[in-house]
Amino acid sequence: MVKPKTEEEIELLRENAVIVSRTLAEVGKAVAPGVTTSELNRVAETFIRDNGAIPSFLGFEGFPSAICASVNDVVVHGFPSDYVLKEGDIVSVDIGTLYKGWNGDSAYTFPVGEVDAETRKLLDVTKASLYKGIEVAVAGNRTGDIGHAVQTYVESFGFSAVRELEGHGIGRQMHESPGVPNYGKQGRGAKLVDGMTICIEPMINAGTKGVYLAKNGWAVHTADHRKSAHYELTVVVRRGKAELLSTFDFIEKDGTIGI
Ligand code: MG
Ligand code: MG
């Protein structure tokens, strides 16, 4: 049984979620052809530390950087590197923070310059599938309802949901129970209760759902080397409608809310 968070704990998670959301927006401003993914990492780490938080991915099970920067066929867990982004690429940026003993975790896939129509569709559908999952992340439902909503939506466009990786609860630990898969059956899985804080994070492939792990033991690639997109938000399960803690508004609406 997963213990729901208190309102005080949820406020601390919200502070984290705002830092992560604003960090993603800072990284987004830096994404352009000619920029290395190491530079994106530098932008993120500087912003996180300037806001009094700690980049929680750095050193997590040996991960070498503050962010995951996963380009094109890399689904998740890409190492920032001297790879130079080029027009038409996509880069999925996943960021975690630790602030006042609590965790933040969100991700966004950025297009680099102009991308082709199929790639744009993959980004739009993946992000929309996240909101489809959030719609059913309400008390009384189960994790399978979220997975089912994501899976059926993306498959209706011919895309596929990765099976090997999933969303998760979040709190004092970055990854808590329950697991939140991006596929599944309605009415199955862990029960969602009011005050549960979870990260929903569809990882959606343009082609086949299959993936493999790179030799470095971290980067997850699509088996067919077609592109993959990843969007992640942190929400509080509530009765009737989930409450967003992190947001893409700072990226998409030039947000004006301060920390
Ligand atoms: Mg994440
Ligand atoms: Mg996560």
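This is a predicted model: local features need pLDDT of at least 70, side-chain atom pairs count only at pLDDT 80 or more; totals for chains, interfaces and linings use all residues.
Aspartate 94 sits in strand β4 (residues 90-99) and aspartate 105 in strand β5 (residues 102-111), so the pair, 11 residues apart, links distant parts of the chain. Both aspartate 94 and aspartate 105 are buried.

Now, what does aspartate 105 coordinate? Both magnesium ions, ligand 1 and ligand 2, which are 3.1 Å apart.

On to the magnesium ion (ligand 2). Its protein donors are Asp105 (OD), His168 (NE2), Glu201 (OE) and Glu232 (OE), at 2.1 to 2.2 Å. In sequence that reads D-x62-H-x32-E-x30-E. Glutamate 201 is in the loop between β9 (197-200) and β10 (203-205), and glutamate 232 is in the loop between β13 (228-230) and β14 (233-236), so this pair ties together parts 31 residues apart in sequence. Like the two aspartates, glutamate 201 and glutamate 232 are buried.

Last stop, leucine 165, in the loop between β6 (160-161) and β7 (167-169). Buried or exposed? Leucine 165 is buried, at 18% relative accessible area. So who's around it? Setting aside neighbours within four places in sequence, leucine 165 contacts Val76, His77, Asn182, Met203 and Val220. And from leucine 165 to proline 202 you go 37 residues in sequence, but 9.0 Å in space, C-alpha to C-alpha.

Methods:
Residues are numbered from 1 along each chain as its sequence is written. Chains are lettered from A and ligands numbered from 1 in the order in which they are written. Side-chain values use heavy atoms; hydrogens and water are left out. Donors are N, O and S atoms within 2.8 Å of the metal (3.2 Å for Na, K and Ca); water is not among the atoms, so sites may look incomplete. Helices (H or I, at least four residues) and strands (E, at least two) are DSSP runs, numbered from the N terminus. Buried means under 20% relative accessible area, exposed over 50%, partly exposed in between (1.4 Å probe, protein chains only). Contact means heavy atoms within 4.5 Å.
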